[in-house]
Structures are given as C-alpha cells and as structure tokens.
Amino acid sequence: MQRFVSRRVLSETNFLRVQQRCFALPGSAYKKVVTSDTPEPPPVPVIPPFPYTPPTYTGPSGDEIMALRKKYLMQQPAYYEKPLNLVDGKMQYVFDENGKRYLDALAGVSVVSCGHCHPYVEKAIIKQMKSIQHTTVLYLNHTLTDYLQALADKMPGNLKVFYLLNSGTEANELAMLLARLYTGCNDIISLRNAYHGNAPTTMGTNGVRTEKFNVVQTGIHHAMDPNPYRGDFGSDGKKYAEDVQNIIDYATSGQVAGFIAEEIQGVGGVIQLAPGYLPAAYESVRNAGGLCIADEAITGFGRTGSHYWAFENQGVIPDIVTMAKGIGNSSPMSVVATTPEIAQVLGSHTFYSTFAANEISTTAGLAVLKVIEKEGLQENALAVGSYLKAKLTALKDKYEIIGDVRGRGLMLGVEFVTDRELKTPATDLTNVIFEEMKEMGVLVGKAGLYSNVLRMLPPLCITKADADFLADVLDNAIWNITNK
C-alpha cells in the first residue's frame, strides 16, 4: 500500500508539472509517443453507402458565414481550423456545402438521438405545425398530457410528476431549487469534473475550471471525483463516496439540500463513476436529509444501452431526474421529473416558463419516445456501442498514445496521453487527430479539462458498418501522425 501511495504522489507531482507547460509537441516528437506494431498503413477507410443525396446548396459560403459570426456572435468558437458549414443531414450523416458526407459521431452533443430529420419525428412535427404551434400551459392541449403519460411509463419508482423547460441548464436550476425548498437547507454537493449548466447556480456546481466564471458561488461543495482512470482509489466507488460523508460532517451543518451527479460525466471527458459510488453517496446524502438528483441530460433515453436511464446502471432511484438534449431530437426542451410529495413545494407560488411545454416540443418528445421503442434504439446503442468500444480498445492495444477507452453504449471516450505511466494529457496530438478525422469524414467532440478526450455521442441509429468506419478513420488518423 505504501508503494502505491508513493507512486501515486509521484505521478500527481509530474502531472501537475506538465499542467504548467504547453502540451504541444514538435512534429519530430510524435513518433516517440505514438508507437504501433504495424509498420504498414491501415486500409483506407471507406464511408458506408447511404441512399440519400442532398440537394445542391446555394446559400452563403462557410467563409462568409464565419466572417459574420466573428462580427456578431460572442459565443463558443466554431470547431476545426477551417470550420464546417453543414447544410443538410439525414439520420447519422451530415453534409457540408460541397455535398461531402460525414458520419456525425457527435450529433449536436447527443441532441440528435433518433437521427437527423428522422422521417417519423419530422412528419409528427410538421403535422402539429399545421395545426397549432404554441399556446403555453395556461391553456389545455392534449400534446402535453400525451407526452407526459408516455414519459411516466419510462420512469422508475414514484417519479411521476414533471416540469417542462427549455434546456438542461434550466432543468438543473429547477432541480436544485426543489431540493432547497423541500429540505429547507441550502448546501448542494456536486462532483469535481462535473458539468450541469451555465446559469449562475448550475455554474457553481460545475467542477471544471473551463466551465466557470469568477462569480459568487454559495452553498456548493465539490466532492472527490470517482474517476476509475485518474482517481486515487481506482474503481472502488465506496471509497470515493466517503468524501461525500466527509463534506457533510466537516463543511455543512450536518444537513444538506441535495446531491447532483451525472452517472457518466460528459464535458468532463466521458468519465464513468466508479462502480458502487452512487448507492453509497445517496445513502450519506439521504441520511443528512438531502435529495438525490440524477443529471440525465446526455445519458438518458437509452444512450447507455443497458438501461433507459444511466442511473439504473448503479442500481439507484433518485429523488429528482433532469433530462434534456436527446429528449426532442433537436427540439429545445428539457424536463424535471420528481415525486408528487416533492413537487408540492412549488404549489404556494407561481412557477412558469413561457416556451416550455409548447405543442411542437411535446409532439417531438412523444415522437422520440415512440421511435426509440419501435426501432429498438436502446438495444442498438448497446449492440453497436459495445462493438465500437471493442474496436477502440483494440486500437489502444495498438497505439501507446491511447491511455484509456471508456464509456457505455453510444457514449464513448478515448483519452490520449503522451506517457501512459504519468497519464500526461496529449492535448496537441488530440487536436491533430481531431482534424484528421474530420478530413476523412468523421465528426467527433473534444472533452476533458485538457481537451485530450475524443467524445463519441452519435445518433442511436448508427450501424456496425458505421462503427467500423469510425474506428478505421481513427486508426488512420493516428497512423498518419507517425508518418508525416
């Protein structure tokens, strides 16, 4: 045990040292950290055939759009050195202004759950748009109750009361408000490396410095991240959960409002919480009078394959569940689910959101539930996701630069390092691989504190042929770095 502790301390010391340096490496250094047992290049990847050709694009060019974005849009910069102008999409594919087809393995950060322009979802929305588009919950309309009745059938336990909103941030804000009102306490426990939104309260719960501004954050405590790859206790979830109890004992009055966590951290780099963590953490929180909140904004609706909701993978039932992103296959929509008892705390005052529960969004939401069930998308996420993960793991055996392959279903991450022993983030190399994959026709995301994790969150309709293509593209992208 002593040797383990000494080694870990040494590793952390070196890791902190490299944090202070730029992770860029000169081209000549790539071969030193990217090794392969295969001297010959892998086969050139070929995108699977697909029976759709987009119409000719006649709009402004990507360069023209980018010039206007730089002038008017002060938000997230566009991906890629030469940003993509995506003008069409069909199921798991998107097309740029020149008609080039890409496998969309990011899907708007898991938003397009059923596929781009899915015919059933598209038809349902168009039909509703021709009838009535928005009335607010001040009036009655069956689209809302049809949706909620169907959603209730997907919820375990007594999670049968819902609030509809417009984004994951709003959902998590409301969830924490419910917890604070119900318990009469203020303290919320979140996790390091977590992401729950970009409003003032949710920003306080974020455990990644790149997702926070220097604003006042009160009543938020960050527990140790149960990270099996980089964490102090490996895959011992119960050991990590002791920190939740320590926070309750030493940083609060002994009573807390709640605890919020993603079962797989998305922005944090597709980190699966160590097995056994949530049951132990939930027990400590509930013993302190708090409520347990599951953030399913990315992980919900069958994405993890084995279960409909990711928290089910750890055998727990939360008191509040938040959901967004893939909920409406691109419709801006979110939901907070809780119990009738907890929901009562909002009864004394008006809680209202103008655009929430509009007929278009609820129609889209119901269509998504039907497509996931009818087309077996949860089962497909498990089958294709497991197949893809196996292929990515094989690439880890081939290339030293891959430090970890993780995730579940169709929420997968590949972490790149320049040193497997020290787990030094290979940020610069990851950026090169990211660009190479785009050139070869695959779009993925970047995640993690140092953007050294490629995040794969494709539509749930992708096929094993798509998985082969994605893995082949990654294989080629890494191999190309060693031979430039």
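Seven strands, in the order S4-S12-S11-S10-S7-S5-S6, make up an open sheet with mixed pairing. At its edges sit strand S4 (161-165) and strand S6 (220-223), each of which pairs on one side only. From one strand to the next, the twist averages 20°. Please keep in mind as you read on that this is a predicted model.

## Walking across the strands

S4 pairs with S12 in the antiparallel sense, over 5 bridges, and Leu165 stands opposite Ser334 in S12. Strand S12 (residues 334-338) is also joined to S11, by 4 bridges, and these two strands run antiparallel. Here Val321 has Ala337 of S12 as its bridge partner.

On to S11 and its link with strand S10 (residues 291-295): 3 bridges join the two, and they run parallel. Asp295 stands opposite Thr322 in S11.

Two helices to look for here are H6 and H9. Helix H6 (residues 142-152) lies across S4, S11 and S12, and runs at about 125° to S4. Helix H9 (residues 237-251) packs on the sheet as well, where it touches strand S5 (188-191), S6 and strand S7 (258-261). The direction of H9 makes about 145° with that of S6.

Helix H10 (residues 277-287) has a set of buried residues: Tyr277, Leu278, Ala280, Ala281, Tyr282, Ser284 and Val285. What covers them includes S5, S6, S7 and S10, along with helix H9. Just after H10 comes Gly289, which takes a positive phi of about 80°.

## Helix H12 and its two partners

Helix H12 (residues 359-374) packs against helix H5 (residues 119-129) at an angle of about 155°, with the axes 9 Å apart. The two helices are therefore roughly antiparallel to each other, and H5 passes H12 in a right-handed crossing. From H5, the contact is made by Tyr120, Val121, Ala124, Ile125, Gln128 and Met129. From H12, the residues taking part are Glu359, Ile360, Thr363, Ala364, Ala367, Val368, Lys370 and Val371. By type, the residues of this contact of H5 with H12 divide into 10 nonpolar, 2 polar and 2 charged.

The axes of H6 and H12 come within 9 Å and cross at roughly 30°, which makes H6 roughly parallel to H12. H6 passes H12 in a left-handed crossing. On the H6 side you will find Thr143, Leu144, Asp146, Tyr147, Ala150 and Leu151, which meet Glu359, Thr362, Thr363, Gly365, Leu366 and Leu369 in H12. The contact of H6 with H12 divides into 6 nonpolar, 4 polar and 2 charged residues. Glu359 and Thr363 of H12 take part in the contact with H5 and also in the one with H6.

Why is strand S13 (residues 402-408) said to be largely enclosed by the rest of the structure? Of its 7 residues, 7 are buried, so the strand is largely enclosed. S13 pairs with strand S14 (residues 411-419) in the antiparallel sense, over 6 bridges. Val405 has Val414 of S14 as its bridge partner. The hairpin has 2 residues between the strands, and Gly409 takes a positive phi near 60°.

## A glycine in a loop

To finish, have a look at Gly234, in the loop between S6 and H9. Gly234 is partly exposed, with a relative accessible area of 23%. Leaving aside neighbours within four places in sequence, Gly234 is in contact with Asn227, Pro228, Tyr240 and Ala274. How far apart in sequence and in space are Gly234 and Tyr72? They are 162 residues apart in sequence and 46 Å apart in space, C-alpha to C-alpha.

Note on methods
Residues numbered from 1 in each chain as written. Predicted model: local features only at pLDDT ≥ 70, side-chain atom pairs only at ≥ 80, totals over all residues. Heavy atoms only, no water. Axes fitted to C-alpha atoms, helices over the stretch in contact; angles between N-to-C directions. Parallel < 35°, antiparallel > 145°, perpendicular 65-115°, else oblique. Left-handed = near helix turned anticlockwise from the far one by under 90°. Contact = heavy atoms within 4.5 Å. Nonpolar A, V, L, I, M, F, W, Y, C, P; charged D, E, K, R; others polar. Pairing = 2+ DSSP bridges. Buried < 20%, exposed > 50% of the residue type's maximum accessible area, 1.4 Å probe, protein only.
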